Amino acid sequence: MGATKTGHFTDEQNKIAIIAKALGHPARVAIIEYLLKADTCICGDIVNELPLAQATVSQHLKELKNAGLIKGTIEGTAICYCIDENNFGILKDYFSKIIVTATNRKCC
């Protein structure tokens, strides 16, 4: 989706697309699952959980943070990450609406 075309869609559609793109890589899904399981801010432990280099994990964390799915706080020389609940509410509402609509349709 080109930057010039996003203006043709609603803010909600653009937000969902940004979040979906951020979740479009299995490493990012694994990071989200790890942060949910840990239920606390995590610093260097994420790298130990994934079969990826530190730089690669950092890039995935950046994408998740830019999409608003995680947040980070600086603690000394490290950044500790945790889930940002706000955008998961947007996802919940969106997918709930889709599921209800799709299961109530009679098509084909």
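A salt bridge is taken here as a side-chain nitrogen of Lys or Arg within 4 Å of a carboxyl oxygen of Asp or Glu. In this predicted model, Asp 84 is buried and has no such partner. The nearest side chain of opposite charge belongs to Lys 71, at 4.5 Å; because the cut-off is 4 Å, the pair of Asp 84 and Lys 71 at 4.5 Å is not counted as a salt bridge. Asp 84 is placed in the loop between β2 (78-83) and α5 (85-103). Apart from residues up to four places away in sequence, Asp 84 touches Gly 68, Leu 69, Ile 70 and Lys 71.

Helix α2 comprises 13 residues (residues 26-38). Buried positions in α2 are Ala 27, Arg 28, Ile 31, Ile 32, Tyr 34 and Leu 35. Viewed down the helix axis, the buried residues fall within an arc of 160 degrees, so they line one face of α2. These buried residues pack against α1 (11-22), α3 (45-49), α4 (54-66), β1 (70-75), β2 and α5. Pro 26, Glu 33, Leu 36 and Lys 37 are exposed on the other side of α2.

A search of the whole structure for aromatic pairs returned 1. The pair is formed by Tyr 94 and Phe 95, with 5.4 Å centre to centre and 75 degrees between the planes, an edge-to-face arrangement. Tyr 94 is partly exposed, at a relative accessible area of 26%. Phe 95 is also partly exposed, with 43% relative accessibility.

Conventions
Residues are numbered from 1 along each chain as its sequence is written. This is a predicted model: local features need pLDDT of at least 70, side-chain atom pairs count only at pLDDT 80 or more; totals for chains, interfaces and linings use all residues. Side-chain values use heavy atoms; hydrogens and water are left out. Helices (H or I, at least four residues) and strands (E, at least two) are DSSP runs, numbered from the N terminus. Buried means under 20% relative accessible area, exposed over 50%, partly exposed in between (1.4 Å probe, protein chains only). Lys and Arg count as positive and Asp and Glu as negative; His and the chain ends are not counted. Contact means heavy atoms within 4.5 Å. Rings of Phe, Tyr and Trp (its six-membered ring) pair if their centres lie within 6.5 Å; planes under 30 degrees apart count as stacked, over 60 as edge-to-face and the rest as tilted. The expected span of a helix is 1.5 Å times one less than its number of residues. The arc is that of the directions from the helix axis to the C-beta atoms.
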